[in-house]
Amino acid sequence: MVSKKALSERDTINRTAEAIARGENRLLLVMATGTGKTYTAFQIIYRLWKSKIKKRILYLADRNNLITQTKKGDFKHFKDKCHIIKQKTIDTSYEIYLALYQGLTNYDDEADAYKNFSPNFFDLIIVDECHRGSVDADKAWHKILQYFSSATQIGMTATPKETENLSNIEYFGEPIYTYSLKQGIDDGFLAPYKVLRVGMNVDLEGYRPERGKTDVNGEIIEDRLYNRKDFDRSIVIDERTDVVAKKIMEYLNNSEPMAKTIVFCVDIEHAERMRQALLRYAAPEITGKSDTYIVRITGDDPVAKGYLEDFINPEAPFPVIATTSKLMSTGTDTQTCKLICLDANIGSMTEFKQIIGRGTRINEDYGKLYFTIIDFRNVTDKFADKDFDGAPVKIKETQQDDTLSETCIDEGFGDEQIDPDTGEHIVFDEDYERDDTGETVAEPEPPYGPKPKVYINGVDVSILSERKQYLDANGQLITTSVKEYCKTGIVQSYRSLDHFLQTWNNADKKKAIIEELEAQGIIFEELKEELKSDLDVFDLICHIAWDAPALTRKERVENVRKRNYWAKYGDNARRVLNALLDKYAETGIENIEEMQVLTIEPLKNLGTPAEIVKIFGGKEKYLAALKELENEIYAA
């Protein structure tokens with residue numbers, strides 16, 4: 001059976017090939033983060049290249065990690081035909097090129113490196129993350145696309161930029177394919193999420209220093225009301241950083257200390273302070289195993305490249321927690337990231353969607369099926385924005401007499417920029433917020449940016465509010481209690497208790513019913529947490545939907561053993577059935593239905609899977625005995 005993911009990719013590739021066959025030269029693909037943009041790009045390139053429809057191809061991006069990940073990952077199949085352009089050195093002997101925008105331009109019309117290629121050298125250009133810079137005619141980078149205007153140009157993004165001044169749609173045309181975050185979650189391709197919002201007193205009420213309050217250097221602090229927009233940008237309250245770090249580590253230590261986590265901070269300096277604060281609350285037994293349990297991954301640190309490669313590698317246990325500013329907000333393939341923490345002011349919907357995309361990838365092999373967002377700055381208010389998961393709408397309007405300035409200063413990409421001469425990183429002060437146009441919300445003061453930060457301590461900081469929010473199958477916020485929401489969903493699926501019981505008893509696998517309800521938005525783990533109960537899923541459903549008496553799994557196991565229904569089986573078979581009951585009591589019905597249960601304790605102590613199945617006279621008879629055991633577990 002072909003998966004929805006494969007069908008989506010195939011549809012995208014086919015539509016692109018058909019559009020090119022019709023002679024369309026500007027195409028836009030809108031695909032939510034995690035839905036395989038890079039793999040789709042590879043498939044499009046490979047199909048057109050192999051058929052010789054397109055012979056020389058340029059893949060453009062704006063960050064080193066986007067290029068290196070792509071070359072080592074999906075594009076490795078091109079082998080020696082593929083080349084990364086470095087240090088503006090041009091070699092025309094290859095067929096497929098990967099390049100940074102910054103690696104092709106010197107911001108000098110006479111010396112731009114891309115002009116070492118003839119204008120018609122490339123016949124296909126893929127523009128990755130095309131919402132950043134490529135369509136802004138004011139920018140020097142846009143001139144690269146203009147220079148190679150004869151090539152077919154395909155823009156790919158999860159977040160098309162549509163403002164009064166910039167438009168992906170105006171340049172590339174209406175999207176020929178759109179695959180949204182909601183579609184990805186509905187198809188089981190992208191991970192759903194829950195939100196934990198944390199409100200601190202200084203954030204909700206503001207902070208005004210008492211008369212004569214001094215900073216750590218003994219200087220009098222300006223008397224005014226400070227709020228979220230100021231914290232860690234112009235004023236640093238040590239206790240606030242400490243409370244945030246403590247809450248993050250409290251969540252991890254109580255759930256999954258080794259869950260890959262990204263903490264988004266205001267700037268590089270804030271990311272380093274946060275790393276140090278998190279270490280104070282990390283479990284010593286984990287930090288003792290590796291000094292890279294918590295690291296800072298920002299563009300100014302050459303060591304961060306190695307940290308980033310290990311962080312995105314599902315097989316690498318460390319690092320686990322990464323503090324960052326902007327570097328990891330886009331294009332980073334964090335397949336196993338389970339926790340995203342927001343302690344930065346994010347004014348841009350584009351950036352917000354990119355950040356959320358760091359958690360949306362599913363990786364079943366490593367238990368990544370959903371992710372959690374801890375929000376310290378009310379950033380997740382953007383989930384309620386009508387534009388969060390809507391189709392891109394063209395906003396920019398241009399007039400015939402519009403003139404374009406020739407500035408070469410781009411909107412910036414966080415804490416990573418490339419020096420046009422050396423190819424090395426330049427670190428810019430980015431501790432001010434930007435909106436969707438790339439303009440600053442709080443303009444830095446001349447001549448070089450904002451005033452130095454003020455550092456203070458001795459402030460009472462506490463958490464005033466903390467609430468969980470859940471999103472349903474349609475991506476809408478659940479406003480009722482989890483119990484009431486789940487009850488409504490169950491009753492909509494099953495008209496009566498008898499209807500549910502009949503379906504449950506007739507199911508070959510109970511897991512299929514549970515997964516179907518979860519796909520409709522029923523969140524059993526959170527339901528158990530709200531009810532403070534460890535009931536079996538069966539009892540949860542019957543109890544909350546129809547107020548039926550509920551038994552714990554241990555009580556159900558005791559009832560089965562009292563009935564001694566297995567007297568007809570031999571000693572070895574009874575030992576297997578008893579072990580299955582123990583496993584059910586420990587983990588639930590879903591796990592004992594799978595053959596893999598025979599490979600783990602306590603079953604594996606009774607023999608190999610083949611030996612255990614043989615005890616019952618073969619696989620069919622083993623499965624029949626398992627079905628009988630399930631019927632006994634749920635006997636009225």
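Predicted model: local features only at pLDDT ≥ 70, side-chain atom pairs only at ≥ 80, totals over all residues.

Reader: What makes the buried residues of α14 line one face of the helix?

Author: Helix α14 (residues 497-506) has His499, Phe500 and Trp504 as its buried residues. Viewed down the axis of α14, these fall within an arc of 130 degrees, so they line one face. The arc is taken from the directions from the helix axis to the C-beta atoms. The helix itself is a DSSP run (H or I, at least four residues; strands are E, at least two), numbered from the N terminus.

Reader: Against which elements do the buried residues of α14 pack?

Author: They pack against α13 (482-493), α15 (510-519), α17 (537-546) and α20 (589-592). Contact here means heavy atoms within 4.5 Å.

Reader: Why is Leu527 called buried?

Author: Its relative accessibility is 0%, and the limit for buried is under 20%, so the label applies. Leu527 belongs to helix α16 (residues 524-531). Neighbours within four places in sequence aside, Leu527 is in contact with Val482, Lys483, Cys486, Leu540 and Ile544. The C-alpha atoms of Leu527 and Cys486 are separated by 7.8 Å, although these residues are 41 apart along the chain.

Reader: Why are Asn378 and Asn564 placed in neither the buried nor the exposed class?

Author: Asn378 has a relative accessibility of 26% and Asn564 has a relative accessible area of 42%. Both values lie between 20% and 50%, so each residue counts as partly exposed.

Reader: What makes the phi of each of these residues worth a remark?

Author: Phi is near 60 degrees for Asn378 and near 50 degrees for Asn564, a positive value in a residue other than glycine in each case. Most residues other than glycine have a negative phi, and most peptide bonds are trans. Asn378 lies in the loop between β14 (371-375) and β15 (417-418), and Asn564 in the loop between α18 (553-563) and α19.

Reader: Which peptide bonds are cis, and with what omega?

Author: One joins Phe318 and Pro319, with omega about -5 degrees; another runs from Glu601 to Pro602, with omega near 0 degrees. Pro319 is in the loop between α11 (304-311) and β12 (321-324), whereas Pro602 is in the loop between α20 and α21 (609-615).

Reader: What makes a set of residues a nonpolar core?

Author: Its members are buried Ala, Val, Leu, Ile, Met, Phe, Trp, Tyr and Cys residues, joined through side-chain atoms within 4.5 Å. The largest such core has 50 residues, and Phe524 and Leu580 touch the most other members. Helix α19 (residues 571-587) gives the largest share, eight residues. A second, separate core of 38 residues includes Tyr226, Ala245, Ile294 and Val320.

Terms used. Residues numbered from 1 in each chain as written. Heavy atoms only, no water. Buried < 20%, exposed > 50% of the residue type's maximum accessible area, 1.4 Å probe, protein only.
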